[in-house]
Amino acid sequence: MPKFSLDFTIHPRLQPIKQQLFWALAALSLLAILASLLLEELVFLALPFGVLLAYQALVDYRVIYYLLFTTLPLSTEVFFSDSLATDLPTEPLIVGVLLLYILLVLTKPKTISGAFWLHPLSLLLLLHFAWTAFSCLLSDSFTISLKFTLAKLWYIGCFYFMTGHLIRKEKQLHHLWWWVIIPLAFASFKVVAHHALLDFGFKEINRATSPFFRNHVNYAAVLTFFLPILYFFGRNLKKWSWGQLFIGASFCLFFFGMLTAYTRAAYVSLVLSVVAYFIIQLKLMRWALLGASLAVVLAFGYLIKDNNFMELAPSERTISHKEFGDIVAATYKLEDVSTSERYYRWIAGARMSTEAPWVGFGPGTFYTYYKQYSLNRFQTYVSDNPERSGIHNYFLMLLVEQGYLGMLFFIFFLFYGLILGEKVYHQSQDVRQKRATMGLMMMLVIISAFLLMNDLIETDKVGSFFFFAMAILVNFDLRNRALLNSPKDVSQ
């Protein structure tokens with residue numbers, strides 16, 4: 001495990017007043033408990049812990065970063081109102097890590113890697129965020145867009161730039177995975193055990209995923225993209241060690257959990273990641289991305305020609321099924337309600353994009369406006385959307401909310417990241433780094449596949465690892481460059 005200064009002892013300069021500090025913390029804790037009881041707000045209980053975390057951040061801020069990753073699998077979504085929700089305890093920690101990074105930039109700028117900031121992938125990410133902020137200023141609902149943009153800011157600052165600062169070598173990545181996998185195995189075991197008590201029912205899976213996962217899609221996505229991580233991480237461990245046995249058991253648990261999550265996108269994305277493995281081995285990523293892009297353009301062109309998309313309108317046979325086998329059969333026949341509901345929202349999104357093609361309606365505003373652009377012909381009995389879910393396609397969401405340029409900037413960032421990962425894999429001389437790179441690449445492919453059917457980048461359990469993986473690829477690329485320029489210096 002990483003060596004930290006996990007130290008809550010009193011600083012030498014504070015020794016003369018250590019007793020006063022103790023009583024001050026005790027008084028603060030008591031006041032927090034009383035405020036929580038009187039005002040019926042649990043948030044006050046976090047105040048004493050916040051003070052201790054702030055002190056620890058001054059002693060060794062890396063502990064806060066690793067603590068964040070430990071809590072990611074265990075976070076839960078808390079609603080304060082119909083329009084305000086947060087993930088606890090992760091979101092306050094994310095904001096805290098961002099503030100720590102800003103403090104580092106201001107106070108110790110020489111420790112920040114200029115090469116990381118100036119890397120083409122970093123510049124593409126900054127361009128993507130800059131356009132998000134610009135479209136926020138022109139949003140039809142500024143308050144909603146501002147919340148979205150701020151959340152994007154601390155996700156990028158925490159998981160991309162702080163990761164780029166702290167995790168620069170495979171060994172550091174190796175250490176961090178333990179902080180994530182152990183609590184994730186616990187959360188997954190809880191879901192599987194709960195689901196077993198419900199006889200692994202298809203309709204019961206969402207009950208089992210609470211409170212650690214928002215729904216079965218979020219749960220399946222995390223388990224699926226961690227399967228390649230576990231596989232390649234396990235290969236980097238000592239054979240037949242306790243660590244490797246634990247990783248092997250976790251792989252079986254995650255795979256079983258993924259299967260019983262009954263999420264079609266998980267099965268398809270896992271197959272695509274295996275295909276991507278051979279694409280990367282054969283150095284065909286550019287051609288694969290070009291082929292995928294052409295396929296999407298041709299499919300879209302066919303659907304809009306002569307209004308062929310109307311053939312996808314739901315019929316009286318479009319129902320919600322109670323068994324997963326029926327869902328699969330209905331999907332093949334285009335008769336399941338979830339697919340039909342996606343058509344309903346996608347068509348509304350396509351019509352919205354013609355209304356505001358350049359800057360969109362504003363980040364986070366799809367739900368606010370989409371129903372007035374929908375076609376009644378595609379409406380289903382679940383179209384009321386009481387859960388306020390999104391468009392279920394991240395690329396189309398960007399088109400609607402940020403215009404064509406917003407969508408293209410993200411696609412450029414994603415495509416360049418995948419092309420970069422392929423280059424890093426083949427240039428890496430260290431076999432451990434090669435395995436780690438392949439695991440990260442397959443993770444990115446799985447997340448990208450999920451983005452075609454869901455909006456997951458803005459969630460803490462998925463978006464975090466998306467930006468995290470991109471940052472690691474940049475650091476591996478910088479390390480490879482350093483080794484090529486000075487082969488004898490393997491410590492870069």
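The model is predicted, so local features need pLDDT of at least 70 and side-chain atom pairs count only at pLDDT 80 or more, while totals for chains, interfaces and linings use all residues. Residues are numbered from 1 along each chain as its sequence is written, and side-chain values use heavy atoms, with hydrogens and water left out.

**View 1. The largest cavity, with a volume of about 80 Å³.** Searching the whole structure gives three cavities of 30 Å³ or more. Here a cavity is a set of points, on a 1 Å grid over the protein atoms alone, where a 1.4 Å probe fits but cannot get out, and lining residues have an atom within 4 Å of a point. Points are joined across faces, edges and corners, and the volume is the space filled by probe spheres set on them. At least two lining residues come from each of helix H8 (170-197), helix H10 (216-235) and helix H18 (431-451); helices are DSSP runs (H or I, at least four residues), numbered from the N terminus.

**View 2. The second largest cavity, with about 40 Å³ of space.** Its lining includes Tyr101, Phe116, Trp117, Phe161, His165 and Arg168. Helix H5 (114-117) and helix H7 (142-166) are the elements that give two or more residues to this lining, and H7 has the largest share, with three.

**View 3. Phe226 in the largest nonpolar core.** This core has 128 residues, and those touching the most other members are Tyr65, Tyr160, Trp177, Phe226, Phe410, Phe466 and Phe467. A nonpolar core joins buried Ala, Val, Leu, Ile, Met, Phe, Trp, Tyr and Cys residues through side-chain atoms within 4.5 Å, where buried means under 20% relative accessible area with a 1.4 Å probe, protein chains only. Helix H17 (residues 394-427) brings the largest share of the core, 17 residues. Leaving aside neighbours within four places in sequence, you will find Phe226 in contact (heavy atoms within 4.5 Å) with Trp177, Val180, Ile181, Leu184, Phe254 and Phe465.

Terms used
On a 1 Å grid over the protein atoms alone, a cavity is a set of points where a 1.4 Å probe fits but cannot get out, and a pocket is an open set with protein on both sides within 12 Å along at least five of seven lines; lining residues have an atom within 4 Å of a point. Buried means under 20% relative accessible area, exposed over 50%, partly exposed in between (1.4 Å probe, protein chains only).
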